[in-house]
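Good morning, and thank you for coming. Please look at the model on the screen while I take you through some of its contacts.

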Amino acid sequence: MNLLQLSWKNLTDKPLSMLLNIVLFALGVGLISLLLLLNTQLQEKFDKNLAGIDLVIGAKGSPLQLILSSMYHIDAPTGNISIDEAKAFLRPGHPFIEQAVPLSLGDSYKGYRIVGTNLQFPAMYEAVPAEGRLWEKPFEVSVGATAAAVLNLKIGDAFQSSHGFVMDDNLVHDDAEAFKVVGIFQPTGAAIDQLILTATESIWAVHDGHSHEEGEGAEDHDHSDHDHGDHDHSETKPLHEQTDRSITSILLRFKARNMQTLNMQRSINENTNMQAATPAIEIVRLRGLMGLGADALRVLALVIIGVSGLSIFISLFSSLKERRYELALMRVMGASPFKLTALILLEGLLLALIGYAVGILLSHIGMEILARAMQDAYRYTFTGLTFLKEEAVLLLGALGIGMAAALIPAIQAGRTDISTTLAEG
Amino acid sequence: MLHAKNLEYTYDGKHILRFPDIACGSGEHWLLIGQSGTGKTTLLHLLGGLLSPLGGWVQVADTEMSSLSSFALDRFRGKNIGIIFQQSHFVRALTVEENLVLAQQLAGLKPDRKRAAELLYHLDLGHKLHAKPDRLSQGEQQRVAIARAIINRPNLILADEPTSALDDDNCREVIALLEREAGAVGATLLIVTHDGRLKEQFSNRVTLQPNRV
């Protein structure tokens with residue numbers, strides 16, 4: 001029997017006190033680890049989705065909402081903007097704009113968003129088809145990796161989109177032409193994995209047919225009798241030559257960020273019915289808001305860890321009182337003072353180690369459960385199955401706390417006066 | 001085997017306890033008898049190397065204990081001296097058998113479960129091998145304590161008041177057991193007691209006098 005086994009037996013001899021110590025420690029460690037996991041993965045999502053986008057132009061409303069809906073696809077769009085107003089930014093050859101990608105949102109298939117855009121959008125996120133190809137004409141879709149996997153979409157599959165972002169049979173565009181899957185993207189880790197991409201024109205066509213059915217045909221003049229199978233009509237004209245159309249937003253990449261681009265943003269906000277929002281600024285704002293909650297949780301976690309350290313200290317210290325005879329006895333049997341110190345230190349370290357292991361296990365299981373919930377709610381993929389470097393640092397911290405809590409009892413144990421103790425009993 | 005000369009000890013720095021010289025031959029059985037307050041336990045601790053004397057020296061198996069480093073003394077004690085205390089204490093998280101094995105290991109010897117088990121069977125404790133010590137009766141605990149004291153085949157066995165709480169029959173039995181087991185491992189046995197009943201059974205006796213200076 002070595003010291004480690006002896007420490008272990010001493011701990012398991014008091015199962016309730018051991019349980020309390022481990023549960024407390026695991027709670028503290030688990031909470032910190034969960035915060036780390038969430039924070040890292042959110043940061044990753046935010047960074048990946050930034051994709052070098054400098055400005056988002058959309059309908060007036062909350063700038064944060066515009067960013068969340070157009071870049072992260074987790075909130076409702078602020079509304080639509082008319083192509084007339086937007087086309088200044090879509091036209092090639094703008095002096096400041098390197099790239100402008102139009103987005104049309106508002107439809108979905110089984111909760112996964114259908115985005116009408118152009119081929120620059122997947123290019124922006126460096127998304128390439130794993131199977132099949134990019135869409136070439138309206139009603140062809142290329143599907144993000146996660147969406148394809150969850151919806152079990154394969155090349156050649158056809159489906160009907162529905163209005164809005166919730167699954168509701170009453171909102172299905174059953175009068176419109178079906179979308180046909182022509183490609184499936186490789187996973188990118190960005191929001192595009194959760195999207196179904198198609199040409200902007202597809203969205204228009206669906207809604208034209210839709211409004212036609214409802215007797216609002218006056219709006220869609222030259223489409224009133226069009227055949228959805230025949231795409232040889234004005235929808236194939238470049239967007240900036242369209243009139244009377246609307247899109248949801250435009251993602252912009254500037255050639256360079258400078259005073260002129262800042263002025264352009266201000267001018268959009270002041271002089272048009274549109275708003276321009278900077279993703280980086282909005283995300284910093286969002287993180288600031290979330291950060292308050294995270295900070296409070298972090299403080300709570302640290303308090304719990306502190307209390308668990310104290311609890312380990314108290315239980316070791318009080319067990320020392322009960323065990324002073326057996327410690328003296330071990331000295332009589334040949335144990336050096338150092339051995340007794342090591343024995344108690346090991347008990348503290350063991351508690352910390354087990355508490356850490358249980359805590360990490362809990363946080364990763366918790367993260368996985370949370371990830372599934374978020375997948376359902378936001379179509380965002382998180383995972384509890386990755387481990388972080390910070391968790392190794394956390395292990396060192398945990399062992400440090402176990403050691404610190406055990407230090408005074410351990411030194412006390414090493415100083416056990418054999419003769420006095422045994423003479424008492 | 002066991003020699004002590006001019007032993008002195010002080011608890012408070014003012015009153016010095018002086019002890020008679022002791023010289024026990026190998027395998028001899030001795031009785032150290034004295035009334036309460038004569039420093040019996042102090043002397044036992046000095047002889048067992050649990051206390052360092054103020055003056056004088058103790059020699060066990062030709063080794064002078066004050067010449068050993070603290071670490072070496074711990075090891076020496078574990079290997080060469082078996083002590084049976086008035087109250088039996090054990091490592092409570094361990095079974096009876098594990099307590100014996102621990103005694104072997106702490107003395108720096110190889111764990112020998114077979115010897116531990118044999119010894120316990122021999123002392124009629126075979127059925128308690130895997131019991132926790134606090135589940136045992138007083139008498140059983142004392143026998144386990146004796147087993148632990150002799151498991152490493154020590155040169156010297158010290159017993160502190162082993163009979164004080166026992167009736168006459170049990171008293172005789174325990175002394176017989178101690179003498180038999182000490183004999184079995186060829187150890188010198190020194191029993192410290194105030195129990196007058198033991199006087200007749202030992203021809204080798206040292207008597208402690210009240211000796212405060």
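The side chains of Lys9(A) and Glu98(B) meet in a salt bridge, with N and O 2.2 Å apart. By salt bridge I mean a side-chain nitrogen of Lys or Arg within 4 Å of a carboxyl oxygen of Asp or Glu. This is a predicted model: local features need pLDDT of at least 70, side-chain atom pairs count only at pLDDT 80 or more, and totals for chains, interfaces and linings use all residues. Residues are numbered from 1 along each chain as its sequence is written, chains are lettered from A and ligands numbered from 1 in the order in which they are written, and side-chain values use heavy atoms, with hydrogens and water left out.

How many salt bridges are there between chain A and chain B? The count is four, and over all chains it comes to 23. Asp13(A) also forms a salt bridge with Lys132(B), where the closest N and O atoms are 3.3 Å apart. Asp13(A) lies in the loop between α1 (3-12) and α2 (15-50) of chain A, and Lys132(B) in the loop between α4 (113-122) and α5 of chain B, so this pair joins two chains. Helices here are DSSP runs of H or I with at least four residues, strands are runs of E with at least two, and both are numbered from the N terminus.

Turning to the whole interface, 23 residues of chain A are in contact with 26 residues of chain B, contact meaning heavy atoms within 4.5 Å. The area buried between the two chains is about 2400 Å², and carbon and sulfur atoms give 61% of that. Buried area is the accessible area (1.4 Å probe) that two parts lose on being put together, summed over both.

Next, helix packing. Two packed helices are described by the angle between their axes and the distance between the axes. The axes are lines fitted to C-alpha atoms, for helices over the stretch in contact, and angles run from 0 to 180 degrees between N-to-C directions.

In chain A, the axes of α2(A) and helix α12 (residues 389-414) come within 11 Å and cross at roughly 160 degrees. That makes α2(A) roughly antiparallel to α12(A); angles over 145 degrees count as roughly antiparallel, under 35 as roughly parallel, 65 to 115 as roughly perpendicular and the rest as oblique. The crossing of α2(A) and α12(A) is right-handed. A crossing is right-handed if the near helix is turned clockwise from the far one by less than a right angle, and left-handed if anticlockwise. Among the residues that meet are Phe25(A) and Val29(A) in α2(A), and Leu394(A) and Ala398(A) in α12(A). By class, this contact has eight nonpolar, one polar and two charged residues. Ala, Val, Leu, Ile, Met, Phe, Trp, Tyr, Cys and Pro count as nonpolar, Asp, Glu, Lys and Arg as charged, and the others, Gly among them, as polar.

α2(A) also packs with helix α9 (residues 279-322) of chain A, at an angle of about 165 degrees and with the axes 8 Å apart. α2(A) and α9(A) are therefore roughly antiparallel to each other, and their crossing is left-handed. The residues of this contact divide into 25 nonpolar, eight polar and two charged.

Finally, chain B. Helix α5 (residues 138-150) and helix α6 (residues 168-185) of chain B pack at about 20 degrees, with their axes 11 Å apart. That makes α5(B) roughly parallel to α6(B).
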